[in-house]
Amino acid sequence: SSPMTFSFDVMHTGFSGSTKYFNVYVDGSYYGQYLRYSGYSCQPSRFQTVPISVTKTVGTTITISITTSSYYYSCPYNGYYLYAVMDTPRCQACDVGKYKSAFGAGQCTSCPAEADTAAPASTSPTDCRCVAGRYGPEEGPCQACPTGSWSAGGSLVVTDCKCNAGWTGPDGGPCSECTAGTYKLGSNPGGCVACPEHAYSAAGSSNLTDCKCNAGYTGPDGGACTACRAGTYKSSTGSAGCSACSTESTGVTSPEGSTSLADCGCLPGYTQAPVCGSTSSYSPSCSFDMLVTSSPMTFSFDVMHTGFSGSTKYFNVYVDGSYYGQYLRYSGYSCQPSRFQTVPISVTKTV
């Protein structure tokens, strides 16, 4: 409390010197002088009550220091020369997780392992109850709930353990994880529920929104999934939209529900057009851009030489200016016929 008033007794068990007294300090600050008397012969035991009144923040600690005025000599008294005793008992509540049944200055007793009390100042071992996730009788011992289940604090029997969300089974177990493609809400003995059509979830899913639309289908998590229309595709699971096979050509299509760019192809009457080219007779080069639709993204392209000569024939591929690899390497000095090679690319970039 603040202000707080208390007192304690200070006792001298005998000392001599020209001046006898002790000084009291509170948190290092001088508070007062007590038990002052004079004389050179040894004195009998004396004590004095020291009243203290302080204004401090509640919950903080204060330090009381006592110092004497003179040297001790060899007086014929036993025990401590100086000590302090509180005038009133200082009692504090047993912490949560402990109890004390008897009256007096005894110590608090800890509850058994994995048990706790509901509040401080508990008075009985029966106040010790198993913590959440455990069960057992009052006073213990406490046992863990079966795998995949949980109990409220204070649970007494194994049937108080309920299968977690994403797990199914009777109260008290055994509980098994919901299989992939299903989910279960809440902690209860209910069964797992299948995801909506064309959606999938990981094993142990605990919410309808854990059901994600499959590749080739789009829609909100936990909602209805519709197939990507012809000319589009979607390679990942989740709520992302479908990507167009091409934003530059009208002659490209794909089957409904396509899952990859590789599903896209040319319509009848159309042929594959080059994305870049060069007619230079010396060190030809070309470049093209790709929209990142997933990460990592994997795709491929064909590079064709329509004939060249030289001691070494190859081409280097760079992705965003960084060397990626060398392809179609061969030697010979005469002109060569047309050749092509497929280049597979896998990159991790921001979608």
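Cys130 and Cys142 are both buried in this predicted model. The two residues form a disulfide, with sulfur atoms 2.1 Å apart. The link is left-handed, at -95 degrees about the S-S bond. Distant parts of the chain are joined here: Cys130 sits in strand β10 (residues 129-130), and Cys142 sits in the loop between β11 (134-135) and β12 (143-144), twelve residues apart. The count of disulfides comes to eleven.

A further disulfide joins Cys213 to Cys225, with an S to S distance of 2.1 Å. Its handedness is left, at -90 degrees about the S-S bond. Cys213 belongs to strand β20 (residues 212-213) and Cys225 to the loop between β21 (217-218) and β22 (226-227), so the pair ties together parts twelve residues apart in sequence. Cys213 counts as buried because its relative accessibility is 0%. Cys225, at 11%, also counts as buried.

Cys245 and Cys264 form another disulfide, S to S 1.9 Å. This link is left-handed as well, at -70 degrees. Cys245 lies in the loop between β24 (243-244) and β25 (252-253), and Cys264 in the loop between β25 and β26 (265-266), 19 residues apart. Both cysteines are buried. Cys266, in contrast, has 34% relative accessibility and counts as partly exposed.

The largest nonpolar core holds twelve residues, among them Val292, Met297, Phe301 and Ile345. Two or more residues each come from β27 (297-305), β28 (312-319), β29 (322-331) and β30 (339-347). β27 gives the largest share, four residues. Beyond its neighbours within four places in sequence, Phe301 contacts Phe288, Val317, Gln341, Thr342, Val343 and Ile345. A second, separate core has eleven residues, including Phe8, Val24, Val26 and Leu35.

Conventions: Residues numbered from 1 in each chain as written. Predicted model: local features only at pLDDT ≥ 70, side-chain atom pairs only at ≥ 80, totals over all residues. Heavy atoms only, no water. Core = buried A, V, L, I, M, F, W, Y, C linked by side-chain atoms within 4.5 Å. Buried < 20%, exposed > 50% of the residue type's maximum accessible area, 1.4 Å probe, protein only. Contact = heavy atoms within 4.5 Å. Disulfide = S-S within 2.5 Å.
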